[in-house]
Amino acid sequence: MSGNLSVGIHDLSFSTTRFVLTHATLAAHNGTDIGKYHAGIGQRSMSVPAVDEDIVTMAAAAAAPIVARHGTDRIRTIVFATETSVDQAKAAGIHVHSLLGMPSATRTVELKQACYGGTAALQFAIGIVHRDPSQQVLVIASDVSKYELDNPGEATQGAAAVAMLVSADPALVRIEEPSGVFTADIMDFWRPNYRATALVDGHESISAYLQAVEGAWKDYAEQGGRALDEFRAFCYHQPFTKMAYKAHRHLLQNCGHEIDEARIARAIGLTTTYNAEIGNSYTASVYLGLAALLDNADDLTDQAIGFLSYGSGSVAEFFGGTVVPGYRARLRSGPHREAIARRQPVDYDRYRELHEYSFPVDGGDHPAPKETTGPYRLAGLSGHKRIYEPR
Ligand code: COA
């Protein structure tokens with residue numbers, strides 16, 4: 001490691017889908033009391049991809065403004081984290097590399113460990129920058145969360161991509177050592193290669209998440225991390241936003257702190273604002289929490305933020321970061337709010353059609369309808385190849 005070198009998130013940008021389904025629409029269809037969605041799980045709406053949108057088009061849309069602002073001269077690595085991969089062999093990041101016209105002198109790889117993969121990508125990127133501080137790493141976390149229709153998980157679907165530029169002397173957040181890490185072999189959520197939708201034992205996944213919070217925090221404390229009181233806010237992985245509150249209460253209790261709801265709301269509230277509208281974005285979720293906090297909080301300069309990343313199966317990591325002076329001038333709050341606001345609401349029948357759509361798998365030419373309003377689209381499948389193009 002290079003001494004006291006500061007490494008972290010230099011830029012952050014996210015994108016989501018063209019369409020949105022409100023929980024009010026879902027509740028009207030399935031007869032659920034809307035209170036369960038709005039108050040019980042803390043969700044208002046979920047992003048729904050058009051047929052010509054996927055993890056690649058969202059990722060390219062998220063990364064394009066970063067490449068436009070910083071250029072590609074220093075980016076020698078792209079790490080793409082996802083659990084909704086579009087190919088078993090080829091890294092989705094190669095399509096992004098191509099769409100953004102990045103130099104051939106780039107290493108590109110895909111990472112997977114359920115919703116935790118984005119944090120692995122961030123930590124590996126930090127290692128690369130410590131080895132050579134002149135380099136930057138483009139980290140992308142992009143996912144489409146999809147459960148079967150009428151399954152309890154259906155209300156926690158969503159889709160988004162977060163792109164982060166990791167560099168020395170970052171402009172947004174310095175990521176600190178140590179990290180607290182945790183792995184446990186558990187089947188709380190998984191998706192066999194032959195399935196398009198995830199399998200989940202929802203209540204089991206909540207307990208597994210809480211157990212992982214405890215384990216990651218225990219290791220963090222043993223590694224000599226900060227005291228809980230030092231953190232101004234906490235960004236948790238949010239499969240649904242109420243989970244962040246459950247996790248934080250659990251951590252406070254575990255550390256012998258009293259449960260003060262006003263204080264918990266102050267530590268968590270703003271991190272849930274984007275996720276409540278977008279839904280679960282798996283690997284991207286914890287970093288959408290960070291985007292929402294940075295975009296919407298009063299000045300956080302020099303404040304410590306705690307991060308808890310959880311991926312079913314399961315792996316968790318707790319680490320801290322410090323917000324860098326001058327960060328507000330580098331935020332993308334306007335485009336972020338616009339990405340959420342411009343989504344077009346769909347009715348239940350249209351949502352169902354999009355949910356159930358899949359391309360034929362016969363290797364023929366299957367163009368996709370032109371639907372996305374984003375900068376890149378999936379043009380279709382041909383000869384079993386996914387063809388992407390700028391819109
Ligand atoms: N008004 C207000 N709150 C209500 C309500 C109403 N009318 N009806 C129910 N609720 C509350 C419940 O009390 C519960 O809150 P609590 O957890 O604080 O007790 C919450 O809403 C959810 O209700 P529940 O009966 O547990 O819902 P469910 O059986 O449909 O399951 C999930 C909810 C979250 C488990 C389910 O959506 C799921 O499986 N999601 C996927 C989980 C996931 O993504 N895991 C990935 C890794 S973490």
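I call a residue buried under 20% relative accessible area, exposed over 50% and partly exposed in between, with a 1.4 Å probe and protein chains only. Before any entries, I note that this is a predicted model: local features need pLDDT of at least 70, side-chain atom pairs count only at pLDDT 80 or more, and totals for chains, interfaces and linings use all residues. Residues are numbered from 1 along each chain as its sequence is written, and side-chain values use heavy atoms, with hydrogens and water left out.

Entry: Thr77.
I looked up Thr77 and found it in strand E4, residues 75-81. Helices (H or I, at least four residues) and strands (E, at least two) are DSSP runs, numbered from the N terminus. Is Thr77 buried or exposed? Thr77 counts as buried because its relative accessible area is 1%. Its side chain makes a polar contact of 2.8 Å with the side chain of Arg107. For me a polar contact is a pair of N or O atoms within 3.5 Å; within protein, one must be able to donate a hydrogen and the other to accept it, and residues adjacent in sequence count only if both atoms are side-chain atoms. Not counting residues up to four places away in sequence, Thr77 also touches others, including Ile128, Gln135 and Leu138; contact here means heavy atoms within 4.5 Å.

Entry: Thr16.
Thr16 is in the loop between strand E1 (7-15) and strand E2 (19-22). I count Thr16 as buried because its relative accessible area is 10%. Which side chain does Thr16 join by a polar contact of 2.6 Å? That partner is Ser47. A polar atom of the Thr16 side chain also lies 2.7 Å from the backbone oxygen of Ala159. Leaving aside neighbours within four places in sequence, the contacts of Thr16 include Met58, Ile278 and Arg343.

Entry: Leu300.
This one is in the loop between helix H10 (285-296) and strand E12 (304-311). Leu300 is at 0% relative accessibility, so I log it as buried. Beyond four places in sequence, Leu300 touches Arg232, Leu293, Leu294, Val323 and Tyr327. I also checked Ser312: Leu300 and Ser312 are twelve residues apart in sequence, yet 31 Å apart in space, C-alpha to C-alpha.

Entry: the cores.
A nonpolar core is a set of buried Ala, Val, Leu, Ile, Met, Phe, Trp, Tyr and Cys residues joined through side-chain atoms within 4.5 Å. The largest one has 77 residues, and Leu100, Leu138, Ile140, Tyr236 and Phe318 have the most contacts inside it. Helix H3 (residues 55-70) gives the largest share of this core, ten residues. Apart from that core lies another, of 50 residues, with Ile9, Val79, Leu122 and Ile278 among them. I followed up on Ile140: leaving aside neighbours within four places in sequence, its contacts include Ala59, Ala63, Ile78 and Val162.

Entry: the ligand.
How many residues surround the ligand? I get 19, and the closest are Lys36, Pro152, His203, Ser205 and Lys246; a residue is near a molecule if one of its heavy atoms lies within 4 Å of it. A polar side-chain atom of Tyr147 lies 3.1 Å from a ligand oxygen, and a backbone N or O atom of Pro152 lies 2.8 Å from an oxygen atom of the ligand. The side chain of Ser205 puts an N or O atom 3.1 Å from a ligand nitrogen. Helix H2 (34-41) and helix H6 (202-222) are the elements that give two or more residues to the shell.
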